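Here are a few notes to read alongside the structure. Please keep in mind that this is a predicted model.

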Amino acid sequence: MRVVIAEDAAVLRELLALMLTERGHDVCASVADAEALRAAVAEHRPDVTVVDIRMPPTHTDEGLRAAIDIRRTHPGTGVLLFSQYIETRYATRLLAAGSAGVGYLLKDRVADVAEFTDALQRVAAGGTALDPEVVTQLAAAGGRRAGLDSLTARERDVIALMAQGRSNAAIAQTLVVSHGTVEKHVASIFTKLGLPASDDANRRVLAVLRYLHG
């Protein structure tokens with residue numbers, strides 16, 4: 001993957017760059033603020049960016065706003081936001097800007113190198129990668145919405161894992177069920193949410209959006 005990193009903490013920024021480089025990825029640029037991020041993406045056209053939500057000068061939502069701009073101006077570039085804390089309003093704004101090729105992880109996940117790089121690869125490939133805690137809080141914040149009440153407990157388990165960006169095979173492994181069972185649950189979810197037959201990847205995105213914020 002070709003990666004641009006935006007993180008104002010120098011130590012973490014260099015750690016991310018070293019970690020990805022050691023695994024064969026090309027870190028095109030490693031920057032400390034949102035404006036430098038926008039410039040680096042325009043210059044290098046990476047597969048994916050890793051973006052801290054809070055960066056200079058105000059340390060509020062500069063990273064998020066840059067990420068949304070990148071999704072609009074460079075739709076082929078995936079965006080993986082990460083933050084020290086769960087901030088559901090920011091995750092919702094990112095998803096509202098288009099949920100293909102986006103992710104949101106807590107910084108703690110970086111400690112698990114395999115999990116972090118797997119999430120980054122899913123986002124670079126146009127998938128989603130949402131932290132399990134983010135998924136839980138987004139779903140809780142949305143309350144009970146029309147169409148979701150009919151989902152069974154197991155179907156809710158499945159769609160929560162879909163929201164994390166897991167494939168059917170990964171969902172089957174996590175829930176300790178067969179691949180065919182997961183496919184049946186996914187098909188039932190599509191039917192109950194009123195999502196007609198189309199590209200399965202697109203239906204997964206639509207189902208996840210419905211689950212997270214109606």
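1. Let's start with a helix pair. Helix α1 (residues 10-22) and helix α5 (residues 113-124) have axes that come within 12 Å and cross at roughly 80 degrees. An angle from 65 to 115 degrees counts as roughly perpendicular, so α1 is roughly perpendicular to α5.

2. Which residues meet where these helices touch? From α1 come L16, M19 and L20, and they meet V113, F116, T117 and L120 in α5. Sorted by class, the contact of α1 with α5 has 6 nonpolar residues, 1 polar residue and no charged ones.

3. Next, have a look at strand β5 (residues 102-106), where 5 of 5 residues are buried. Both faces of β5 are covered: V102, Y104 and L106 are buried on one side, and G103 and L105 are buried on the other. In a regular strand, side chains alternate between the two faces of the sheet.

4. Now for the neighbours of this strand. Strand β4 (residues 78-83) runs parallel to β5 and is joined to it by 5 bridges; here L80 stands opposite G103. Strand β6 (residues 128-130) also runs parallel to β5, with 3 bridges joining the two, and V102 stands opposite T128 in β6.

5. Finally, the cores. The largest nonpolar core has 51 residues, and L37, L81, M162 and L212 have the most contacts inside it. Helix α7 (residues 153-163) gives the most to this core, with 6 residues. Another core lies apart from it, with 19 residues, among them M19, V48, F82 and V123.

Note on methods:
Residues numbered from 1 in each chain as written. Predicted model: local features only at pLDDT ≥ 70, side-chain atom pairs only at ≥ 80, totals over all residues. Heavy atoms only, no water. Core = buried A, V, L, I, M, F, W, Y, C linked by side-chain atoms within 4.5 Å. Buried < 20%, exposed > 50% of the residue type's maximum accessible area, 1.4 Å probe, protein only. Helix = DSSP H or I, 4+ residues; strand = E, 2+ residues; numbered from the N terminus. Axes fitted to C-alpha atoms, helices over the stretch in contact; angles between N-to-C directions. Parallel < 35°, antiparallel > 145°, perpendicular 65-115°, else oblique. Contact = heavy atoms within 4.5 Å. Nonpolar A, V, L, I, M, F, W, Y, C, P; charged D, E, K, R; others polar. Pairing = 2+ DSSP bridges.
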